[in-house]
Protein chains: 2
Amino acid sequence: MEDIYNRVLDGDRRAVARLITMVENGDPAAAEPIRHLHEHTGRAHIVGVTGATGSGKSTLVSSLTKVLRGWEMSVGIIAVDPTSPFSGGAILGDRIRMQDLTTDPGVFIRSMGTRGALGGISVATNDAVNILDAFGEDIVIVETVGAGQVEVDIVKLAHTSVVVTMPGGGDEIQAIKSGIMEIGDIFVVNKADRADAGRTYAEITMMLELSDRKDGHLPPVIRTVATTGEGVEDLALAILDHRRFLEAEGLLEQKARERIIAEMLEIINRRVGDTVVKALREDPEMIDLMRRLVDTREIDPHSGARMVIRHLLKKG
Amino acid sequence: MEDIYNRVLDGDRRAVARLITMVENGDPAAAEPIRHLHEHTGRAHIVGVTGATGSGKSTLVSSLTKVLRGWEMSVGIIAVDPTSPFSGGAILGDRIRMQDLTTDPGVFIRSMGTRGALGGISVATNDAVNILDAFGEDIVIVETVGAGQVEVDIVKLAHTSVVVTMPGGGDEIQAIKSGIMEIGDIFVVNKADRADAGRTYAEITMMLELSDRKDGHLPPVIRTVATTGEGVEDLALAILDHRRFLEAEGLLEQKARERIIAEMLEIINRRVGDTVVKALREDPEMIDLMRRLVDTREIDPHSGARMVIRHLLKKG
């Protein structure tokens, strides 16, 4: 085990894959290597890519990776699918990309499912990002399957968040309105060769101009056709521009700080909750309360939860 | 507000829709009506439907609903999509079904996205199930978009869990092996008119015969073609059979108990975690630790989390 982090630092891809599997499975033996790798993190630029299903995110990430590779940057890709129990490259999109990209030693692709505990996917994803960062990737891309809360929470921890939309999606615009707006540093209208791409572009641009960003950054809207590569170089440039903007404004460090804090608080949230629940399952008073909950339907679960928490606070 | 639960009990569909929106948004005003409705729950049979994307779950649920309606049972459907920020019927599949089913006053369809807090979707879904139960639905179907951990956690709280597969999915079989197996009370091979359906059927049957179920129930494997309705009556019958099995073995009550306890523990887990995290954000010692975490990269987030928890325990 002591050896695995040395192997990650030495550029051993198999050690990277193995360590990611360990964090995904919640293997306690991962703690030690993760601890040692931490001081080697903080160099990679982390790019989050989110957007509704069908917007062509996977193809875009693939195309973007080729551009970045052309500029001699190494790229790590983590494809997160909270709806799948699979991991380790089982997502179909990954398999296709694999054929294209995995012969390139400058690209590391990994998919993450939810094999482990509920919600633990965001902790596991962060660990995987850190492993690829320590491994030495210049860019780490975190791509999610949809645009739900889990995905948004994962992607907003990136240095640069890319929101992918496509023409004709009234739903897309609604998605942007309903919370994705605030997390996007760059907006993409993919499938921009479609007739109604202009309208979607105009709608997003207008919405961004009306919005009031705290950081003073006006997100660019980029038209791409991921399948042909059209506009993808512009996207790559926009990502690097955004990094320069963050550096110039002193925001890169702030984002890095927020990321680590959010990561730690998520771990604490999970641990504390799990510990309390485990303890409750063995508490006779609790068992009695649960019996009343069920047998009489006298107390609803929310009120029951409040009573238990009050009881816990009294006990200290 | 006092009025809304009376209206739900009186069969007012708009009140049902409004109360579900309230629980979804985490509106504290929902607590009172939910509390009052609790004693009216426990009558509906709750059916969970899960399976990989593309297996035709939505069409199958639609088809199943028509069969149940033919038998004069009222049906509530909750379609859960953790990858979407949308809710309230915005899922495309729902819109299509809407046209088919929503003119029927004996059917209530609702989709749930993750508009609210992370992970809160399982609490909100349970509340929605309880509302439809109190409203008087005979059957409440909870359908999920995928087969990830969140979905499995939601579906396993049903009285009867249906796992939908389709032919030719090596992935399907892998999914069944990787944890869905244990939660399935009924297995469906949908798209059974495809050439390789027989093989998938045989594989699942064999796997089930080899498995060792605690409750003594051997899950049936049912072949359906959701688009034509073929085999869907068999599925409906299998669901009612399973309910009778649970009743006969005294397991129905046990499942109901487990469901309420799981619900309460989930609420406690979330509340305790959130409360601790909120308190930590205002603790000077914590702020100091966070600074060290970020500025020196001396401590990794996992070790930091452990230190904070130890510190909390000392403080009491």
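In this predicted model, helix α11 of chain A (residues 251–280) meets helix α11 of chain B (residues 251–280), with their axes coming within 8 Å and crossing at roughly 135°. The crossing of the two helices is right-handed. So which residues of α11(A) and α11(B) make the contact? On the chain A side it's A:L265, A:I268, A:N269, A:R270, A:V272, A:G273, A:D274, A:V276, A:V277 and A:L280. On the chain B side, α11(B) brings in B:L265, B:I268, B:N269, B:R270, B:V272, B:G273, B:D274, B:V276, B:V277 and B:L280. Sorted by class, the contact of α11(A) with α11(B) comes out as twelve nonpolar, four polar and four charged residues.

Now for the strands of chain A. Seven of them line up in an open sheet, in the order β3-β2-β4-β1-β5-β6-β7, and the pairing is parallel. The edges are taken by β3 (107–112) and β7 (221–223) of chain A; each has a single partner strand, so one side of each is left without a neighbour in the sheet. Going from one strand to the next, the twist averages 20°. In general, what holds strands together in a sheet is backbone hydrogen bonding, whether they pair parallel or antiparallel.

Strand β2 (residues 75–80) of chain A runs parallel to β3(A), and six bridges join the two. Along this pair, A:I78 sits opposite A:R110 of β3(A).

Key
Residues are numbered from 1 along each chain as its sequence is written. Chains are lettered from A and ligands numbered from 1 in the order in which they are written. This is a predicted model: local features need pLDDT of at least 70, side-chain atom pairs count only at pLDDT 80 or more; totals for chains, interfaces and linings use all residues. Axes are lines fitted to C-alpha atoms, for helices over the stretch in contact, and angles run from 0 to 180 degrees between N-to-C directions. Helices (H or I, at least four residues) and strands (E, at least two) are DSSP runs, numbered from the N terminus. A crossing is left-handed if the near helix is turned anticlockwise from the far one by less than a right angle, and right-handed if clockwise. Two residues are in contact if their C-beta atoms, placed from the backbone, lie within 7 Å. Ala, Val, Leu, Ile, Met, Phe, Trp, Tyr, Cys and Pro count as nonpolar, Asp, Glu, Lys and Arg as charged, and the others, Gly among them, as polar. Two strands pair if DSSP finds at least two bridges between them.
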